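Please read the following points alongside the coordinates, as a colleague's notes on a few local features that deserve a second look.

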Amino acid sequence: MIDKLKALVLLVVLAHGALVGSTSSAEQADVPKGLKPIGGRWFVQEAVKPIYFYRDGEQFVDLFSYHMKDSNKDGIDNVKLSHDDRFLIIVSQGYPNHPTAVFPNSRNPNSIRVQNMTFQLPLEPKLADNITRLPMGPIGTALNGVVFFNPFEMEGMNAVEGYSEVWLDSCCGHPQQSGVYHYHKYPSCVKSPFVDDGKQHSPIIGFAWDGFPVYGPYESAGVKAKDLKGDAALDVCNGHKDEQRGYHYHVTPGRFPYIMGGYAGVVEASNNRGLNRAGTGAITDNTQPGSRADQTIVAVHPGTAVRGKTHSIQFELDPSKSRRALPTEKPSWAQIGPFEASKISREGNVVTAEFVIPEDASLGVLLDCHLEFGSGANPFVIKRNDVFRVIE
């Protein structure tokens with residue numbers, strides 16, 4: 001499976017050292033034949049359908065081709081790329097290319113709708129004198145064209161934890177009123193398209209509106225970026241700088257602000273009208289005490305799995321903790337992170353489901369789960385966070 005991924009993506013490892021910060025055209029050396037520099041760390045392989053490459057440390061990577069699929073079967077790719085002299089231009093349908101919960105459901109009345117969004121990423125991102133505050137709405141984009149939102153719900157409270165927590169499916173997303181599916185925290189279902197096995201620095205999963213990349217949770221083998229101390233520690237924006245990648249952001253699973261805390265760079269305001277009035281300074285956590293989290297799933301056994309095998313997972317339910325009468329039939333759907341159940345059965349308050357864990361599954365990060373009851377529109381859904389991980 002890993003070889004298949006590599007076949008989809010051109011990966012050229014350079015023989016010489018890494019680059020520091022944002023690379024100017026004068027610094028670009030040993031560029032693989034056929035790649036044309038267009039600014040900063042970006043290159044294009046010109047063709048009828050151009051392929052864009054990003055210089056990530058010592059390698060040139062095609063980040064987007066893996067996601068240029070027609071997920072909603074309308075004859076249009078989820079993501080299209082072009083560029084001008086200042087920007088990489090992304091036209092996105094905002095449509096997830098991974099399994100999601102059925103929406104609307106008992107916890108979210110909105111439907112996922114195909115969008116027509118255009119974003120401009122600065123080719124040569126620059127650090128700003130002041131932090132730009134994150135607006136409501138899109139703050140960046142994952143590689144699949146689905147947008148990141150800040151950690152807050154409509155009323156401005158923490159949407160990920162505490163009493164104001166909202167219902168996100170097991171891929172960490174949901175749609176808002178106009179049907180924009182989005183992520184409030186680390187989207188565990190987004191492939192980079194490289195495997196994140198926790199044995200080295202995580203790959204890029206998306207970009208912020210200042211043009212700086214957003215990486216997965218790992219800084220190095222077994223070390224999450226959120227745990228770094230001293231000069232290497234993440235700043236209030238969830239970013240830091242290293243010699244290979246320059247300034248960049250990291251997601252921080254289980255720790256506010258989860259994706260980003262502010263823009264450290266000069267932001268392209270056309271990507272979100274709210275940026276014109278966003279103000280300055282990083283956001284701060286305002287988690288309310290207590291919990292609105294669904295507690296109907298009281299346990300998941302076992303809580304770990306290995307890659308390349310089929311696992312039988314049990315979900316222990318407590319109907320007394322359900323927000324309304326829990327259906328007595330077996331669930332119509334079960335999902336853990338990006339993994340969909342192939343078989344589902346139920347005996348009393350124990351649901352058993354089989355999951356095939358692919359060989360290229362990401363390792364180490366805790367995943368959420370959700371169950372759906374009813375095969376029609378608006379199913380009854382239950383959820384539990386941080387219950388399962390793939391360990392090898």
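**Notes on the model**

1. His301 lies in strand 21, which covers residues 297–301; strands here are DSSP runs of E with at least two residues, and helices, which are H or I runs, need at least four, both being numbered from the N terminus. This is a predicted model, in which local features need pLDDT of at least 70 and side-chain atom pairs count only at pLDDT 80 or more, while totals for chains, interfaces and linings use all residues. Residues are numbered from 1 along each chain as its sequence is written, and side-chain values use heavy atoms, with hydrogens and water left out.

2. His301 is partly exposed, at a relative accessible area of 43%, where buried means under 20%, exposed over 50% and partly exposed in between, computed with a 1.4 Å probe on protein chains only. Once neighbours within four places in sequence are set aside, His301 is in contact (heavy atoms within 4.5 Å) with Ser312, Ile313, Gln314 and Glu316. By contrast, a separation of 38 Å lies between the C-alpha atoms of His301 and Leu134, which are 167 residues apart along the chain.

3. On confidence, the average pLDDT (the predictor's confidence in each residue, from 0 to 100) of the protein chain is 91, and 93% of the residues score at least 70. Over residues 1–28, however, pLDDT stays under 50, and for this stretch the model has 66 contacts beyond four places in sequence. Where pLDDT is low, the predicted coordinates should not be read in detail.

4. Phe103 and Pro104 are joined by a cis peptide bond with omega at about 0°, and Pro104 belongs to the loop between strand 7 (87–92) and strand 8 (117–122). Phe256 and Pro257 are likewise joined by a cis peptide bond, here with omega at about 10°, and Pro257 sits in the loop between strand 19 (246–250) and strand 20 (263–265).

5. Backbone phi also calls for comment. Most residues other than glycine have a negative phi, and most peptide bonds are trans. Cys172, although not a glycine, has a positive phi of about 70°; Cys172 is located in the loop between strand 11 (147–149) and strand 12 (173–175) and counts as buried, because its relative accessibility is 5%.

6. Asn238 also has a positive phi, near 75°, in a residue other than glycine. Its place is the loop between strand 17 (223–224) and strand 18 (239–242), and Asn238 is buried, with a relative accessible area of 2%.
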